[in-house]
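Subject: Structure for your review

Dear colleague,

Please find below the structure that I am handing over to you.

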Amino acid sequence: MIPSVNPSGSDTRGLLHYLYDTGKHEDHTDPHLVASFDGMSPDPGRDRDATLTDLQRLLDQTVMALPQHARPAKHVWHTSVRADPGDRILSDEEWADIARRIVAATGIDPGDGQSGCRWAAVRHAEDHIHIVATTVTEDGHHPDDFRSGARAQAEARLIEKELGLHQVAPGDGTAAQRPTSAERHKAERQGRERTAREELRDAVRRAVSGARSDEEFFDRLAAAGLLIRKRAAPSGDLLGYKVALPDDLNKDGEPIFFPGARLAPDLSLPRIRERWSADTPAPRQSEAIRTGPGGPAAARRTTASVVWQAVLVVEHGEDALAAAHIAAAGEVLDALAKTSAAHTRRELRDAATAFERASRSHVRAVRGHDRALRQAARDLVRGGPALGRSEDGATTAMVLDTLIFLITVTAHWHARKGHAQQAEAAARSAEHLRAAYRAAAAQPLGVLHQRGRRLSRPMLQRQTALLREALPELAEQILAEPGWYALAATVAEAESAGHDPAALLSDAAGRRELNTADSVSDVLVWRMRRAAELPADASHLPETSTTARRSTKRGESTGPSAPGRRRSGEGTSRPSR
């Protein structure tokens, strides 16, 4: 349940007209009062003899009773209270009780014999009400409504528990502004999945990802098809910007512009500039990724390595450094979403959108130490769009495997700090990343699984013994996983390339605990292939002496992967993050 206290206004009747109007607002159905300060206020929605003017005059009476010079210029207090989409439909009686509790909690009408303001609660849709009040009490004073928004939120948390509704995580004031009900219904009428505000927020975040200057940032916005207005000082210095969608128009047919700060607190121009002001360019690396043979795959490999370092910083670093890396992780997600293949694009965009809330908190980030992650985001963008299959797709799975760990430790970091909304957002983002990972990893792990199945029996037996020697505490779990064959094929490739497979296994397992991994073998596959610089996609690799096809003579079993064990799930390996 979300109470949203609006800025004070001066036109009581104009607000009432909006709440009761059904002609211009398709979402306004059967507008009527559910509660009021006296329980007897005229209801223009249900009483044919009542008018908007009657209700307006009643609410404004305490204001008009004051001398002209004592009347507040902004005397109209207005909040909407909206239920979660998953909540049941509340009755008028329940909404009436909610309204009374909100005006009491905010100091508008505290009750208990204290003088209160006049107010009315209007319901014109199933999922929310609007409360209108005039901020002069019956005894002619201003109400004690300081921080009424925060007080309304606190009361809403109690109401959710008592009524068994969806419990919203408490916020800390760093969230981006939610779309208004008018914006949401406009999007519905136009057949948009999201509001213009939300589309612009994501577009700006993608433009920021890895950018290094005002010029590059605005070039990206223009390339994304956004309309841009810049605000400059008399000296010519750029102070701010606004953006609009070309087809999002007001009633006069003009584009509706949103300042960056209205999209999200960290998208104002000064806050954006903090990101690249501390950057140290690494032109040779970026140029190599952009023009070299690796392209998107090379950028993803580099990103996977950088992300692992960020995991350590978030887990063990100082708060300001951790906050910087968390914010930069959002840029990496935005860059991946921008350059992803079709079969992972939706989940990656949803992951980036969800993580947006987790990228900010009251812990102020110290920029500069996050330059490696920002460089990785830049390289992803410069590397260009990734193909769904081949090395591009396989390295996408590789980087997603590492990002899941980073986003998960971010959720834990926020939880330890008491950042409930951010922790919840990071957890949602991780779920989307797991879905994207499964889509990206299915083909490359399937290829490795088949190569593992073709290993000779002596080779599999030797690798089983090697696994038990290198990782005695994890060996039996790994051998029981469907991903064991993919890991066996990776160990064989590493050994064929001249690496010490036991050392690689030990190093891969020791980089971080694996208890939270859905599939230990999957994690070890990607860590080993990255460390040994093996191709992420093995589909075009030639068969080697260590991957010779096993004999399929009549009467010879293809055999289990470990002596004396009959393995289950010997079909194609399915990634399970």
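The notes below describe a sheet and then a pair of helices. Please bear in mind that this is a predicted model.

The sheet

Five strands form an open sheet in the order β1-β3-β5-β4-β2, and their pairing is antiparallel. The edges are formed by β1 (2-5) and β2 (32-36), each of which pairs on one side only. On average, neighbouring strands of this sheet are turned by 25° against each other, direction ignored. Helix α4 (residues 148-163) packs on the sheet, where it touches β1 and β3 (76-82). The direction of α4 makes about 165° with that of β1.

Helix α11 (residues 296-316) and helix α12 (residues 319-339) have axes that come within 10 Å and cross at roughly 155°. Angles over 145 degrees count as roughly antiparallel, and α11 and α12 are therefore roughly antiparallel to each other. Their crossing is left-handed.

From α11, the contact is made by R300, T303, A310, V313 and V314. The residues contributed by α12 are L321, A322, H325, I326, V332, L336 and T339.

Yours sincerely

Definitions and conventions: Residues are numbered from 1 along each chain as its sequence is written. This is a predicted model: local features need pLDDT of at least 70, side-chain atom pairs count only at pLDDT 80 or more; totals for chains, interfaces and linings use all residues. Side-chain values use heavy atoms; hydrogens and water are left out. Axes are lines fitted to C-alpha atoms, for helices over the stretch in contact, and angles run from 0 to 180 degrees between N-to-C directions. Helices (H or I, at least four residues) and strands (E, at least two) are DSSP runs, numbered from the N terminus. Angles under 35 degrees count as roughly parallel, over 145 as roughly antiparallel, 65 to 115 as roughly perpendicular and the rest as oblique. A crossing is left-handed if the near helix is turned anticlockwise from the far one by less than a right angle, and right-handed if clockwise. Contact means heavy atoms within 4.5 Å. Two strands pair if DSSP finds at least two bridges between them.
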